[in-house]
Amino acid sequence: MQHLSPFRLALAMPGVNSNVLFCTNDPADSFCRARQACVAAALCCLLLSMPLRAEICDQEVGRLVFGPTTAIAILDDHAFVGRGALISVFDVTSDSRDSVADVSLPGIVIDLKVRDDTLYALTNKGLHLLDVDDPTSPLRSTEVLLELDPSLVGIDYTSSRGLLLVAEDHAVVVATQASGGFGFWVIDLVLPNPSVVFQTQTFSFGPGPAAHSGDGALFHGGSGFVWVDLSEPATPVFVNVPDTAETDFVANSGVEDIEHLGGRQFAVLNRGDFAAVGVELVAMDFSQPLTPVIDWRWELAGADAFVGANDIEAQGDRLYVAASDLFNVERPPSIVVLDISDRTDPSEFATFRLDEYDAACGLAGARCEAKFFRLAVSDSWAAMLGTLKHTEGIMVVDGAAPSLATGARFIPVRNDVSGVASVLTEGNLLFVNSGSFSTRLYDISNARRPVLLPFGANGLDGEVVAVDGSTVYTKRALPFSPPELNSFEMQPSGGFAFLGQLSNNFRGSFEVVGTRGFSSGQQISTGQVGVEVFDLSDPSNVTNLGTIVVAASAIHQIAVVGNTLFVAHSEGLLGVDISNPASPIETPLFDDPANGLVADGDQLFVVRQVDQSTAVLETWDVQDPAVPQKLAESDFSLSLLAGLGTEFLDKKVLLHREVKAIYASVPAGLRVIGFENPLQLEDLGLIETAVWPGRIASERDHLYAPLGPAGVKILACPRVTTSCAADPSVLCLGDDRFSVQVDWLSPAGQQGVGMPVQLTSDTGYFWFFNESNVEMVIKVLDACSFNDRFWVYAGGLTDVEVSMTVSDLLTGEVASYSNPQGTPFRPIQDTDALATCFAESPVTGGEGPIGQRAEIQPAEIQPAEMGSGSILSLGVGGRFEVMVDWSTPGGQQGVGMPVQLTSDTGYFWFFNESNVEVVIKVLDACSFNSRFWVYAGGLTDVDVSMTVTDTQTGVFNTYRNPQGTPFQPIQSTDAFDTCP
């Protein structure tokens, strides 16, 4: 490993009270100032000399789910609800809004069907089969990948772009294809591994209402019906149903849904004017598919005339109809049940109305905005999926005794954020901006399991566009007026205090560099596009230093290197000397549209548009900003970045220094470019995901990609290699699953890497200056049976600056720790370090050998001399004797058992030989300050009493660690005044 730069970064980790250094790019402000933990520090103070490798970061490790619920299915007493990339399971016998189980899928849920004990889930990645024999613990079993449109995010209230039909031996999928147009897939479910047996390249009708009917399926394509003979699934036959006087009426009446039962198809029709005419249910006899006959019509009229019937479902001799009315609050959402035991003579059996409707919707005459659009039934329950007063959930009725008509209840099932427009990180905080420009705030100390902070973003007005320490900058969208750029102060107790307005015409991106702010906007008086420069040294009294006018129609992205502002705009790339913001000096770099840019030290990466569909990535050397030099141009083309040129979203190009990669938001997902060698950029591939054309954010070892209505995808970006490769500076623990690396820096600027020595399978130590100089000891404990975590304990015998990373090579998750310069090594007892107990390897697909490890020989330990028992002898001739006594909170007690490491260093174990607890060394510093020094560190929090005796003089010192306290470091440089 290469040596580290003197500028260091201390990451804030759970249980470790560390500060973080924040650096500016301004040469006049080149010092680092203590700040709260923030990702800005990671992006500007990170040591580029570390041996990093580019990562595509395509392993999804978490998801924040927002957006609309899109699909529902019921089995027994449980409802399965599609929510973005999750299927949440709800107990419909309970009023609780908390799900009893959640299953994450690799894609956005579009449609759900349940048959026997199998749940079939259609996502924008394909068809997924789940075993739901135990509904509270669904298990993913099989998946069939399909080439679907990656931007397909589900079914909305008025139209559908994908549907799923499931029969005895096959499934049918109709959805938009990745190549465009509608596709039709038939999947054989009888084969050992379900697979596609038929696919059309184009399909003549969209995925409208459809129903299975024995060996066939009926589709309504908007202008008529299509019958598909599926008696031979691999060779389906498509037949347009001929128009007759009756079927033509059905075909042109607005078919909402079709359901099959007993040889008949039932269709819900909206006749004539949607807002004025009632809804009709039509039963058609399709025993002869090409000559259908309408048996009867049933009009839902009278006092319960419902305008918006969206879905029908059959169960036994009952037909359930979902009915709601957006335009009349006196007609609450209801489920109408028909008795169709006599298929030719139906009768109304019961009507369920939503009990909570009046309370939720307020006074009569107010717009309730309630609509339910997807229905599912079982033998015991019926549930309708939709919204009630902006809250999405399920309306549930007891289907076991529907004649009682006891009413329905509403169970909210979703979060209160309407989609995700952009995300932004600041240290251990994640700001999630919704499509309505409201914000939620998450603690991402454990990046894979974000926690919604209780106070959310109270008092925060608008969409967060930048965060600098405790100052938050937002864009507030106003009706019929340009957006405002405002600033707020984050309060320690929660919430935000308004500081002031920076601009009343904010159009795009805002960057904070040191004490300056840069905002792209448009001058109200002239209509010119430009960049406003602000003095932010006093956040409560911001000063506008002037506006740099740009001759362009739009500004796409800005970056600052030293005293040079670079502006990517619709007509090219501009460099501006802002040493004196009041008198900027402009230098155009090129005249082709520049769609995005990011800076990395003295290098600038620019996305430049080539034509209407492609763009390239260029590398520029801006060490001399007055004379920029283009170093390289990528030999690959990027699809034109999604949504570039809009005035609401920026940062579609992100540089992640920690993984040496650039991420560009393109229509199909995230294009990943490695820049470890700026002269030879590397195309690492595409993360195929329906990324919203908004901000992507990075934080330590993770990416956060907004998915619009589907939430936020969290991707892992491990900075370490995936094996304990032949690197002598890596300590491998836990059967080679965990790698540990240590870097150190002395006050004099001397620096290096810790050299490891293995003690037991889960414990080892590092020496810094020479082999006999033990500096710190670490162990990684398997506590999966206790709290589903691996624990990290470490103690040190040093006060130099230390940076340590512990990597789970099975998952790529990394825990980072640091000890500041001049501070006795603070004990690390992180019992929440790695939540990776049940993870499978992204490389091998399961636990097992990770790779070849370095040949690190175990320490040649020397047991204490026979007869010495619990005494550890250190120093020349064993002059100093060390004894340790310990006791636990439960009253267990004993003596530490010693193990010699070097002539002046050893450790004690308490409970068993593999459990290292205390490390101690006695140093001869007589030539320095006429003293012997005692340094000790521990990996325990039990009561410890340690006595060190100079056998030559009889002088002894006793050191004590209280019960329940992480072992405090002992660095006594005045221990024994007994030289020589």
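The following questions and answers concern a predicted model of one protein chain. Residues are numbered from 1 along each chain as its sequence is written. Local features need pLDDT of at least 70, side-chain atom pairs count only at pLDDT 80 or more, totals for chains, interfaces and linings use all residues, and side-chain values use heavy atoms, with hydrogens and water left out.

Reader: How many strands does the secondary structure of the protein chain come to?
Author: Helices (H or I, at least four residues) and strands (E, at least two) are DSSP runs, numbered from the N terminus. On that basis the protein chain has 5 helices, and its strands come to 80.

Reader: Which residue in strand 10 is the bridge partner of Leu122?
Author: Strand 9 (residues 118–123) and strand 10 (residues 126–131) run antiparallel and are joined by 6 bridges. In strand 10, Leu122 has as its bridge partner Leu127.

Reader: Is Thr902 buried or exposed?
Author: Thr902 sits in the loop between strand 74 (897–900) and strand 75 (905–909). Buried means under 20% relative accessible area, exposed over 50%, and partly exposed in between (1.4 Å probe, protein chains only). With a relative accessible area of 13%, Thr902 is buried.

Reader: Which residues does Thr902 touch, not counting residues up to four places away in sequence?
Author: Contact means heavy atoms within 4.5 Å. With residues up to four places away in sequence left out, Thr902 touches Glu771, Ser772 and Leu874.

Notes. Pairing = 2+ DSSP bridges.
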